[in-house]
Amino acid sequence: MFKNYLAIAYRNIKRNKAHAAINISGLAVGIAASLLLFVVVKYELSYDTFQPNYNRIYHVAAKIKSAEGDSYMEGMPYPAYDALRAQFKDVIVGQLYLNYNCQVAAFNANNINDVSNKKFIEENTMYFSDPNFFSIFQYKWLVGNAEVLKNPNTAVITKKIAEKYFGNWQSAIGEFLKIDNTATVKVEGILDDIPLNTDFPIGVIASYETMKEYPDIYGYTTRWGSVTSSFQAFMLLPKNVSVATINKRLIAFSNEHYNADKKDIFRRYDYLRPLSDIHFNTSMGNFGDHITSKTTLWTLSLIGIFIIIMACINFINLSTAQAVGRSKEVGIKKVLGSTRKQLFRQLMGETFIIVVTAVVLAGVIAALCLPYIKNIALIQEKLSLLNVPVIVFLLIVTIVVTILAGAYPSVILSGFKPALALKNKITSANVGGISLRRGLVITQFAISQILITGTIIAISQMNFVHNADLGFNKQAVLVLNSNVDSSVNMRQPAFKQQLLAINGVQSVSFSSDVPSSESNSSGNFAYDHKPDENFEVYRKLGDEDYFKTYGLKIIAGKTYSKSDTLKEVVVNETLVKKLGVKNPQDVIGHDIRIGGAWRPIVGVVKDFKTNSLREAVKPLVIGERNVRYNYTGIKLNTPQLTVVTKKIETVWNKFFPEYVYAPTFMDDRINDFYKQENQLSLLYKIFAGIAIFISCLGLYGLVSFMALQRTKEVGIRKVLGASVTNIIYLFSKEFTILIIVAFAIAVPVAYYMMNSWLNNFVYRINITVWVFILAVIASVIIAWLTVGYRAIKAAIANPVKSLRTE
């Protein structure tokens with residue numbers, strides 16, 4: 001019997017090729033889009049879940065209290081780590097220091113001084129740590145174990161890095177690495193390759209003891225008031241110990257070491273951030289290449305569900321539009337003895353075949369698109385559709401879509417009364433009425449308008465971000481990275497002079513950081529010989545040309561004089577305001593204590609964006625200290641960038657042959673802040689286009705149904721003198737009204753969703769009424785184009801043929 005149902009279903013589909021093709025294409029595109037979104041969301045949710053102790057690992061973060069409210073900091077003072085280990089002996093405490101944008105040279109013991117050794121830039125894969133880290137995070141060891149990191153000048157590397165540096169991982173043991181042209185470490189362990197879905201993209205780990213030997217380079221200090229986001233601590237909680245218990249102990253720990261009885265205390269390390277939160281919490285950074293908020297994943301999931309619902313609505317509209325044409329078929333079958341149950345099964349069989357065909361086609365489309373997924377999502381790993389979750393997803397989609405899309409048309413068609421069907425008396429009222437189909441079209445266009453509105457707002461916000469006034473000049477500034485050591489410092493003045501001699505180089509500056517970055521270094525401070533303030537100050541170090549090179553504007557006082565050490569400082573407007581000083585000129589000449597010594601304030605710089613536009617401008621102090629200069633900023637003023645950068649490379653290689661020449665432009669570095677937002681904007685564009693395509697199919701189905709139902713009406717109107725324009729207006733008017741109703745539904749939903757997304761930015765656009773007007777105009781134009789084709793076809797039909805059946 002089932003085989004007979006399938007045979008009949010196949011013949012009906014074959015007989016109605018155009019109808020089946022539209023249904024299959026709509027479903028296939030919708031399911032393929034949803035499948036790709038499922039793969040992306042599943043991958044993002046899988047970050048670090050391969051860790052055996054995933055649910056018991058926590059990052060120890062700080063809660064910072066201030067007048068503006070509580071905020072959080074991921075970094076920790078160096079001495080706090082040792083204190084934690086001493087006071088939490090029942091808990092495993094480990095640490096990790098990210099040596100960002102580090103240079104690693106690979107060599108053996110016989111060519112340690114050869115500058116031609118292989119040199120590599122490790123952006124976020126080189127760390128310093130100790131054996132405790134590997135008691136928390138579990139990785140497979142190919143050679144050696146974590147105990148080798150107890151000693152200075154030792155390192156472990158992954159298999160991938162070993163092959164990259166030495167060609168063969170088996171021969172890497174006993175070889176040497178020179179980190180930042182300073183620390184020489186011996187490779188004593190090899191880790192198996194770490195999955196890419198991790199926020200700890202480890203490639204090289206040198207011992208923590210090695211880092212301590214170079215305080216001027218890595219900033220190691222025993223002062224509790226100095227913090228860097230690169231140094232973070234982690235805990236592995238015992239199975240029988242609760243987070244609340246550890247938090248209480250952390251409060252006591254913070255009170256002890258920060259003297260909580262004094263008014264100047266504001267930091268508490270009492271926030272245990274679960275490993276499951278690190279990839280999704282946008283209020284704090286991580287060591288990975290991106291953060292994906294749970295809101296973004298929910299949005300993507302919702303878009304996927306919307307796309308499938310729209311595809312199902314298409315099927316319903318097109319099936320019911322065809323129902324009148326199949327009324328005689330149903331009537332004859334009932335007269336010959338078919339029951340409603342049998343007809344329902346047959347019709348559901350047709351739906352099942354169409355859905356299965358669509359799912360197979362969707363799988364092919366998704367497989368073809370999968371290699372390009374990295375262009376719309378921050379996924380570099382090679383993905384596959386041949387896995388259990390994807391197969392289960394497709395099975396669930398097949399069942400759900402078959403039921404959603406097929407149940408209603410099957411119930412309606414199988415319920416036709418044979419007498420009415422054989423007399424050709426089936427009308428729209430007999431197939432469920434046109435009101436439901438109007439409601440379905442409204443739903444489709446409401447979803448489409450939500451996505452169109454989201455696309456417009458996302459594009460507008462990203463345009464605002466890319467064109468915002470950052471308070472400094474980001475254009476044509478080339479940034480080079482080296483290391484901070486005495487050898488580099490000695491060569492910097494001559495290097496600068498030769499750069500300035502190049503035609504097209506306007507100015508050159510050495511600094512510890514560029515004006516806007518994701519790197520944060522902060523600490524406690526005091527102003528005007530008073531007790532410590534109740535907020536932290538952030539620090540950047542740059543030479544006397546820092547302000548000129550990056551176009552920073554002094555609004556009070558002057559820049560500091562040339563010096564090799566920190567003598568005078570410039571502060572920003574935000575710091576002046578937080579100190580309660582109304583006139584920037586009033587802080588000039590007053591002292592500020594940073595780094596354990598008092599320094600005079602000689603100038604106030606106009607606020608510039610210290611981080612991304614997601615964050616407020618931080619209170620900032622800028623001063624000089626040449627032993628910390630590892631960035632070279634070069635302001636260019638030439639249309640021949642390629643020629644000039646080639647000359648800069650020649651000079652670089654002359655002065656720093658031991659370092660890789662890896663130039664970046666300042667505007668490119670800033671664009672990297674917004675990888676996820678750019679991804680979301682692109683996704684909105686793509687899926688708004690898919691939604692419009694599916695909506696147009698649904699609209700075409702409904703206008704086809706209406707044209708069929710009103711064939712005689714159109715014929716009579718034409719006989720009575722109606723023009724083609726009148727007929728087109730007859731059909732377009734109704735759909736325009738439906739779109740306006742959909743608009744009323746879409747506006748509050750789109751506003752809520754996109755306003756929530758925009759709240760991630762401190763600096764953002766305002767959502768104006770023109771955004772929604774533009775969305776509804778776009779929807780109306782698309783609908784008119786879709787309806788127009790079918791309406792014209794109905795309008796130019798011969799009225800004689802339309803009326804002959806009467």
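**Terms and values in a predicted model**

Student: Why is C369 called partly exposed?

Tutor: C369 has a relative accessible area of 34%. Buried means under 20% relative accessible area and exposed over 50%, with partly exposed in between (1.4 Å probe, protein chains only), so C369 is partly exposed. The model is predicted: local features need pLDDT of at least 70, side-chain atom pairs count only at pLDDT 80 or more, and totals for chains, interfaces and linings use all residues. Residues are numbered from 1 along each chain as its sequence is written, and side-chain values use heavy atoms, leaving out hydrogens and water.

Student: What makes C102 buried?

Tutor: The relative accessibility of C102 is 1%, so C102 counts as buried. In the protein chain, buried residues make up 55% of the 806 residues.

Student: How many disulfides does the rule give?

Tutor: The count is zero, where a disulfide is a pair of cysteine sulfur atoms within 2.5 Å.

Student: Which residues touch the most other members of the largest nonpolar core?

Tutor: They are L84, I157, L177 and M235, in a core of 150 residues. Helix α2 (residues 17–45) supplies the largest share of this core, 13 residues. A nonpolar core is a set of buried Ala, Val, Leu, Ile, Met, Phe, Trp, Tyr and Cys residues joined through side-chain atoms within 4.5 Å. A second, separate core has 24 residues, including F133, L191, I194 and I205.

Student: Which residues does I157 touch?

Tutor: Leaving aside residues up to four places away in sequence, I157 touches A162, F166, A172, L177, V187, G189, I190, L191, G203 and V204; contact means heavy atoms within 4.5 Å. Across the protein chain, 81% of the contacts with a separation of 6 or more join residues 24 or more positions apart.

Student: What makes β16 and β26 edge strands?

Tutor: β16 (505–511) and β26 (664–665) each pair on one side only. They belong to an open sheet of four strands in the order β16-β25-β15-β26, with antiparallel pairing. Strands pair if DSSP finds at least two bridges between them; β15 (residues 477–481) and β26 have two bridges, so they qualify as a pair. V479 has T664 in β26 as its bridge partner.

Student: Where does helix α16 lie?

Tutor: Helix α16 (residues 486–500) lies across β15, β16 and β25 (631–636) and runs at about 160° to β16. Angles run from 0 to 180 degrees between N-to-C directions, with axes fitted to C-alpha atoms, for helices over the stretch in contact. The protein chain has 25 helices and 26 strands, which are DSSP runs numbered from the N terminus (helices H or I, at least four residues; strands E, at least two).
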